[in-house]
Number of protein chains: 2
Amino acid sequence: MNPLEKPSHRISKRALSETARFGGTQKGGICRLALSKEDKQVRDWLSREGEKLLCTVSIDSMGNQFLRYPGLDDSLPPLVMGSHLDTQPTGGKYDGIYGVLAGLAVIRALRANECKTRHAIEVVNWTNEEGARFSPAMISSGVFSGVFDQQAAYKICDRNNVSIKDALEETGYLGPIPCGQHPVRAYFELHIEQGPVLENEKKTIGVVTGVQGMRRYIISIRGQAAHAGTTPMALRCDAMLTAAHLTVLATDIARKHGDEAKATVGEITALPGSSNVVCGDVTMTLDLRHPDDEIVESMEAAFYQQAASVSEMTKTQMQIERTWNSPSVQFDEECVSLVRNCAEEMQLTHRDIISGAGHDAAYLARICPTAMIFIPCRDGLSHNEAEHAEPEDIVAGANLLLETILKADACFDLT
Amino acid sequence: MNPLEKPSHRISKRALSETARFGGTQKGGICRLALSKEDKQVRDWLSREGEKLLCTVSIDSMGNQFLRYPGLDDSLPPLVMGSHLDTQPTGGKYDGIYGVLAGLAVIRALRANECKTRHAIEVVNWTNEEGARFSPAMISSGVFSGVFDQQAAYKICDRNNVSIKDALEETGYLGPIPCGQHPVRAYFELHIEQGPVLENEKKTIGVVTGVQGMRRYIISIRGQAAHAGTTPMALRCDAMLTAAHLTVLATDIARKHGDEAKATVGEITALPGSSNVVCGDVTMTLDLRHPDDEIVESMEAAFYQQAASVSEMTKTQMQIERTWNSPSVQFDEECVSLVRNCAEEMQLTHRDIISGAGHDAAYLARICPTAMIFIPCRDGLSHNEAEHAEPEDIVAGANLLLETILKADACFDLT
């Protein structure tokens, strides 16, 4: 018998009914910006749920919420599960909250089965993971992990000039515990994949081994606006054509760097923007990613070199500005093995996977053993009101989280 | 002696001082929308200039203005020179008005030299050539030539819902002569090139042999918006990449169809437009041109066929809608020869050229022998406040127009 089957079954229902009302949109998604009224409502709900499960609830100075199921040995630091409750303005029902609700279900199952663990088991809700209200994303796990300075983070304001500190105070989530002083033995984050790989390969579980390296650029191309009817092709300095060649080039470079390399041109603005005028100015973005930082470096070098030739060929001037550089993260081998072995034992179809998106776990990995578990999401769609995960995958992920926590509890810190 | 040297020298001064005040912009350009207060001012000015030169001034039912220098034989239809006085919102000092002012200078020279011509010589100002206030462009020469219906044209409104008919009445330019009943023996239009060919080849005169064929398209590409970090290249349906391939494809097709073929992607809108999201939707324009309609047809066919392969390769859906089809125009061989021979005799450097842009002459060519003369403009720049033509080219063009008119007058209609 799997003693936890029933409790984890309830996760999808909770996600879809109980918590989805906090910021629920007409299209079935969620708008729950960090430290908004709706975010406060779901936080309050989470605390009440924790208290119902006889957990100790604590809040730190960045508003991170910890629900603690006590262990047999209070001298051991806790095993922590979690993610975030905030969403994008037109976010879905699963991103973030699934990891928190699964953690809650794990504690509920432990409680229902009167299961005693050596370590305390905790659920955490990290403040402002999305970065949709306060930029950058993952601010609070970043402060927790020493990546960001708390005083600087406090001063970050939303579009209405409300600072994080003001929002924390206003919602009552400016907690007394200094952010980062909460001990963590290991951190496990369960999340929807936000990509199509698992669905495409019909795997239930992604054993996340790390987060890929990411670099982002703004490319400015200056050509010469000219009459489309009177300017011979040979005399043009066409910024649009340059942009087109660069987009194809970036794609080719990614393809030459293997299946895990990605290059994306997501934004373009072309001026003057008239059907009978050759474009004089284009601004476009480029996003390069690969799990191996050396390959990201190689992609960047190839792009810089070949882009210069493109710009020379099209007689346009080009500037490439690197606006973001996030090195890759390798998760803890032992934690990743635990996840993989548990999935194997539970006969869940699985594959190792690299996270293409950022997550709180990427910062936690800097200060404690960390791993992540992915489940599939429909059409790889995320940050979208139509975001969907299948109930059986939701249950499988939560059950795997439970097994992983139990294995970690059993094998960690044996003296 | 060239008896007309002095009068035509005055054209550039007039263009830059007398008329440029009607709608003059701070950046040295002109904003003189059709039938605006400024357009009325310059029209009134033109009528007064005509009257000073003892011309008969008449206005037709589309507001087209004719200034008539009478001929010796009133039974002969007039030789007409002209262009338009309206401009783009940030237009230049030369586009259109140069052809009208040169016509005025020709009459002034004839008058100053007491030169009698067999034909009456007329200057015309066509209403709303630019199409900047009332769309489409060249409405009134179009009605004059039977391309557009006058009643339909009257109902066309600007953005403030003012109809052409209302604007004609309000400015006092709803004339009594039915548009199109004014006879024209031949029409000669002098214009800046609006392209870089003459400047690039250091030629003073372009002998315009026709107007190229033009087709315009809106291309809609639907892919699948997806996370730039989590979606492998192989699983993407990237509308931006499709657009890039199509832009390169259109350029390649134009280049394969010879020096006179042109393909332009001038506008692009890419959604959702985020640096870390693969584009789901792109709308872009395509403009194809060539002097030979068969080649335009061949370019279109090649594009349709190869674009389908691109869209299949990128797993996106594509719709191509042809929004405009303007067949090429061949100007009258005799009129073109007159221009070429006069340029040769006057020892002006010249070359035959096809107009890449539309002009009133393209419609006039349907109903009477027509030719155009181009002079260079700096950097091929037009529809721009920085538009510039050199004084010596301005004079050369006007002198060539005079010589051509005199030759036409001498050789046409000899019974």
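I started with polar contacts across the interface of chain A and chain B: the rule finds 10 residue pairs, both partners at pLDDT 80 or more. For the record, a polar contact is a pair of N or O atoms within 3.5 Å; within protein, one must be able to donate a hydrogen and the other to accept it, and residues adjacent in sequence count only if both atoms are side-chain atoms. Next I looked for salt bridges across the interface of chain A and chain B and got zero (a side-chain nitrogen of Lys or Arg within 4 Å of a carboxyl oxygen of Asp or Glu).

A note on ground rules: this is a predicted model, where local features need pLDDT of at least 70 and side-chain atom pairs count only at pLDDT 80 or more, while totals for chains, interfaces and linings use all residues. Residues are numbered from 1 along each chain as its sequence is written, chains are lettered from A and ligands numbered from 1 in the order in which they are written, and side-chain values use heavy atoms, with hydrogens and water left out.

Which elements make up the chain A side? I found that H7 (197-201), H8 (239-256), S9 (262-264), S10 (268-271), S11 (277-278) and S12 (281-290) of chain A each supply at least two residues of the side that touches chain B. Helices (H or I, at least four residues) and strands (E, at least two) are DSSP runs numbered from the N terminus. H8(A) gives the largest share of that side, nine residues. Sorted by class, the side of chain A that touches chain B has 22 nonpolar, 20 polar and nine charged residues.

Then I checked area. Chain A and chain B bury about 4,200 Å² between them, and 64% of it is on carbon and sulfur atoms; buried area is the accessible area (1.4 Å probe) that two parts lose on being put together, summed over both. Thr230(A), Met233(A) and Ser275(A) supply 15% of what chain A buries against chain B, more than any other three residues.

How are the two copies related? The same surface serves both copies, as 98% of the contact residues of chain A recur in chain B; contact means heavy atoms within 4.5 Å.

Last, the backbone. A cis peptide bond joins Leu271(A) and Pro272(A), with omega about 5°, and Pro272(A) is in the loop between S10 and S11 of chain A. I found another cis peptide bond between Ser135(B) and Pro136(B), omega about 5°.

Methods:
Nonpolar A, V, L, I, M, F, W, Y, C, P; charged D, E, K, R; others polar.
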